[in-house]
Amino acid sequence: MGYSNYTLESILFIIRNKESLMSEAELGSIDLIGMVLDAEDVLVKANLTKRQLEIFTLYYRADHTLATVGEQLGITHQAVADAINQSKKKIQRVLEEDM
């Protein structure tokens, strides 16, 4: 599977905007569907812990702030930021391994 065309920022953008990208893809863009599937595949291969995935999902997919995620999960916004940074590092490793 080739991820060399992706950066961490592009993967995060795709994940954050998955719903709108998929809506656009329904209009016939196979490339967008492939991008979303690639981003999801990278996320799986990053092997995030259950907690990291929960935080990542709330922050990126539900578009909550660090403080809101922290409030929902009963942790500090710093703990949320740390989990997000750890998740990004894992995603970046997946992308680098493919290069």
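Start by selecting phenylalanine 56 and tyrosine 60: both sit in helix H4, four residues apart, which is about one turn of the helix. Helices here are DSSP runs of H or I with at least four residues, numbered from the N terminus (strands are runs of E with at least two).

Before going on, note that this is a predicted model, where local features need pLDDT of at least 70, side-chain atom pairs count only at pLDDT 80 or more, and totals for chains, interfaces and linings use all residues. Residues are numbered from 1 along each chain as its sequence is written, and side-chain values use heavy atoms, leaving out hydrogens and water.

**The aromatic cluster**

Keep those two side chains on screen. Both phenylalanine 56 and tyrosine 60 are buried, where buried means under 20% relative accessible area, exposed means over 50%, and partly exposed is in between (1.4 Å probe, protein chains only). The structure holds two aromatic pairs. In the pair of phenylalanine 56 and tyrosine 60, the ring centres are 4.7 Å apart and the planes meet at 40 degrees, so this pair is tilted. Rings of Phe, Tyr and Trp (its six-membered ring) pair if their centres lie within 6.5 Å; planes under 30 degrees apart count as stacked, over 60 as edge-to-face and the rest as tilted.

Tyrosine 59 is buried, as is tyrosine 60. Together, Phe56, Tyr59 and Tyr60 make one aromatic cluster.

**H4 against H6**

Next, show helix H4 (residues 50-61) along with helix H6 (residues 77-98). H4 and H6 pack at about 100 degrees, with axes 9 Å apart. The axes are lines fitted to C-alpha atoms, for helices over the stretch in contact, and angles run from 0 to 180 degrees between N-to-C directions. That makes H4 roughly perpendicular to H6; the label covers 65 to 115 degrees, while under 35 is roughly parallel, over 145 roughly antiparallel and the rest oblique.

Which residues of H4 make the contact? Select Gln52, Ile55, Phe56, Tyr59 and Tyr60. Across from them, H6 brings residues including Val80, Ala83, Ile84 and Ile91. Contact means heavy atoms within 4.5 Å.

Now zoom in on glutamine 52. Is it buried or exposed? At 6% relative accessibility, glutamine 52 counts as buried. Leaving aside residues up to four places away in sequence, glutamine 52 touches Ala83, Gln86, Ser87 and Lys90.

**H5 against H6**

Stay on H6 and bring in helix H5 (residues 66-73): these two pack at about 105 degrees, with their axes 8 Å apart. H5 and H6 are therefore roughly perpendicular to each other. For the contact, pick Leu66, Ala67, Val69 and Gly70 of H5 and His77, Val80, Ala81 and Ile84 of H6.

**Two loop stops**

Most residues other than glycine have a negative phi. Click on asparagine 47, in the loop between helix H3 (30-45) and H4: it has a positive phi of about 55 degrees although it is not a glycine. Asparagine 47 is exposed, with a relative accessible area of 59%.

Then go to aspartate 63, in the loop between H4 and H5. Its phi is positive too, near 60 degrees. At 53% relative accessibility, aspartate 63 counts as exposed.

**Last stop: colour by confidence**

Finish by colouring by pLDDT, the predictor's confidence in each residue, from 0 to 100. The chain's mean is 90, and 96% of its residues reach 70 or more. Confidence is lowest in helix H2 (residues 18-25), with a mean of 82, and highest in H5, at 96.
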